[in-house]
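Welcome, and thanks for opening the viewer. Load the model, and let's walk through it one selection at a time.

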Amino acid sequence: MSLSNDMGFVMRSHLLAASIIARHATPENQILDDNELGILQEFCADPAKKDELLLKHGMNEVGKPAGSGTQDMGSLAGHCVARHGTDNPALNDEEIRMLRNWFERGGAGSGEVKV
């Protein structure tokens, strides 16, 4: 199965974090670019700041639900952030910890992704 063919399945199966990590080492297979990784790294460092993060990156629209701008921006990381705390999160707590540990170990490159 190609990851791009069924991202919904990957998220529902909670394979997204593992896929991001596994595919990052090969540039042509990377799921997220540096900007998207930066958003995800910020989120994983402190998921409680979800709304602030969405606002900072222009992914909130006044009068609409948190993260409503993620679809227009085509941001997978923003989509994951926006779904946190809902009945249908894109990343569960275990995946967030996995990603946080990966970022802290420098798994995305230098260890700090610029946003």
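Start by selecting Cys-80: this residue is buried, with a relative accessible area of 3% (buried means under 20%, exposed over 50%, partly exposed in between, with a 1.4 Å probe and protein chains only). You are looking at a predicted model, where local features need pLDDT of at least 70, side-chain atom pairs count only at pLDDT 80 or more, and totals for chains, interfaces and linings use all residues. Residues are numbered from 1 along each chain as its sequence is written, and side-chain values use heavy atoms, with hydrogens and water left out.

Which cysteine sulfur is closest to that of Cys-44? It belongs to Cys-80, and because the two sulfurs are 8.9 Å apart, they are too far for a bond. A disulfide here is a pair of cysteine sulfur atoms within 2.5 Å, and by this rule the count is zero.

Now switch to a cartoon view of the chain. How many helices and strands does the chain have? There are seven helices and zero strands, taken as DSSP runs (helices: H or I, at least four residues; strands: E, at least two) and numbered from the N terminus. Along the sequence, the pattern reads α-α-α-α-α-α-α.

Then colour by burial: of the 115 residues, 40% are buried. Show contacts (heavy atoms within 4.5 Å): of those between residues at least 6 apart in sequence, 56% join residues at least 24 apart.

Finish with the surface. The chain exposes about 6,600 Å², with carbon and sulfur atoms supplying 48% of it (Shrake-Rupley method, 1.4 Å probe).
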